[in-house]
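Biologist: I am new to reading protein models. Can you take me through one, feature by feature?

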Amino acid sequence: MSLPLYPGPAPDARPPERDAFRVLVAYASKHGSTGEIAAVVAATLVEAGIRADVMPAADVRDLAGYGAVVLGSGLYSATWLRDANRFVRAHRAALAGLPVWLFSSGPLDRSADLDDIPMTTHVTGSIDGLAIRGHRTFGGLLRDDAPEVAAGILSTHRTGDFRDWEAIRRWAREIGAALG
Ligand SMILES: Cc1cc2nc3c(=O)[nH]c(=O)nc-3n(C[C@H](O)[C@H](O)[C@H](O)COP(=O)(O)O)c2cc1C
């Protein structure tokens, strides 16, 4: 389902060609934290005067009407979630004709704040053939009550919220500027 964050101003408030431009921010998220990043990216674009919809990648039927796409996924075992990979496969032809930005969210430490962490090789394979305008890795979130923690299968991960909201907003503003 589409969640239009910016219904648009009254007619004549802005040039018509700008009103026609919409950005889709699609995401794949198992525990919700990547969806929250996607919502902030979309809200930041809206603040920059760009219409943006945010929705789960699995809910996107087609890209008609969109002038650019931002796609993000949580990382699990260095791999994007299935919904993000399916999104790329299903919309490959349309994505080839649009400016596309990607983000991964995952590191459960401050490493993403310190360095520009490149796409994992799994992710590079998933987006093979697409011309990407940019990619960022943001820190992730793992709650103490996550089932994986309870199951004790994550000895190497720590829990906590490592998302850097200012870095996320800054990146979204860069996208807005590139589109502007
Ligand atoms: C089973 C499991 C495997 C994970 N593997 C990785 C990984 O390979 N690389 C990474 O950076 N983060 C990894 N993480 C951290 C998640 O990417 C992080 O919790 C992220 O914020 C989850 O996004 P989501 O809440 O949208 O599902 C893993 C987390 C779990 C629970």
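**Strands and their partners**

Modeller: Start with S4 and S5, which pair in the antiparallel sense over two bridges. Tyr76 stands opposite Thr79 in S5. The hairpin of S4 and S5 has two residues between the strands, and Ser77 there takes a positive phi near 50°.

Biologist: What should I know about the model before we go on?

Modeller: This is a predicted model, in which local features need pLDDT of at least 70 and side-chain atom pairs count only at pLDDT 80 or more, while totals for chains, interfaces and linings use all residues. Residues are numbered from 1 along each chain as its sequence is written, and side-chain values use heavy atoms, with hydrogens and water left out.

Biologist: In which sense do S2 and S4 pair?

Modeller: They are parallel, with six bridges. Tyr27 has Gly72 in S4 as its bridge partner. S4 also runs parallel to strand S6 (residues 100-105), again over six bridges.

Biologist: How does S2 pair with strand S3?

Modeller: S2 and S3 (residues 51-56) are parallel, with six bridges. Val25 stands opposite Val54 in S3.

Biologist: How many residues of S4 are buried?

Modeller: Seven of its nine, so S4 is mostly covered by the cut-off of under 20%. In S2, seven of seven residues are buried. Both faces of S2 are covered. Arg22, Leu24, Ala26 and Ala28 lie on one side, with Val23, Val25 and Tyr27 on the other.

Biologist: Which residues of helix H3 are buried?

Modeller: In H3 (residues 82-90) they are Ala84, Asn85, Phe87 and Val88. Seen down the axis of H3, these buried residues fall within an arc of 155°, so they line one face of the helix. The arc is that of the directions from the helix axis to the C-beta atoms. Exposed residues Arg82, Arg89 and Ala90 sit on the face turned away from the buried side.

Biologist: What do the buried residues of H3 pack against?

Modeller: Look for contacts, meaning heavy atoms within 4.5 Å. The partners are strands S2 (22-28), S4 (68-76) and S5 (79-80), and helices H4 (92-96) and H6 (121-126).

**Around the ligand**

Biologist: How many residues surround the ligand?

Modeller: A residue is near a molecule or strand if one of its heavy atoms lies within 4 Å of it. Here 21 residues surround the ligand, and the closest are Ser29, Thr34, Leu75, Tyr76 and Ala78. S4 gives the most to this shell, with three residues. Helix H2 (33-47), S4 and strand S8 (141-142) each supply at least two.

Biologist: How do I read a polar contact?

Modeller: It is a pair of N or O atoms within 3.5 Å; within protein, one must be able to donate a hydrogen and the other to accept it, and residues adjacent in sequence count only if both atoms are side-chain atoms. A polar side-chain atom of Ser29 lies 2.5 Å from an oxygen atom of the ligand. For Ser33, the side-chain distance to a ligand oxygen is 2.7 Å. For Tyr76, that distance is 2.6 Å. Taken alone, the ligand exposes 640 Å², and the protein buries 89% of that. Accessible areas come from the Shrake-Rupley method with a 1.4 Å probe; for residues, only the protein chains shown count as cover.

**A loop arginine**

Biologist: Why does Arg163 count as buried?

Modeller: Because its relative accessibility is 9%. Arg163 lies in the loop between strand S9 (160-161) and helix H8 (165-179). A polar contact of 2.6 Å joins the side chains of Arg163 and Glu36. A polar atom of the Arg163 side chain also lies 3.3 Å from the backbone oxygen of Ser33.

Technical notes: Buried < 20%, exposed > 50% of the residue type's maximum accessible area, 1.4 Å probe, protein only. Helix = DSSP H or I, 4+ residues; strand = E, 2+ residues; numbered from the N terminus. Pairing = 2+ DSSP bridges.
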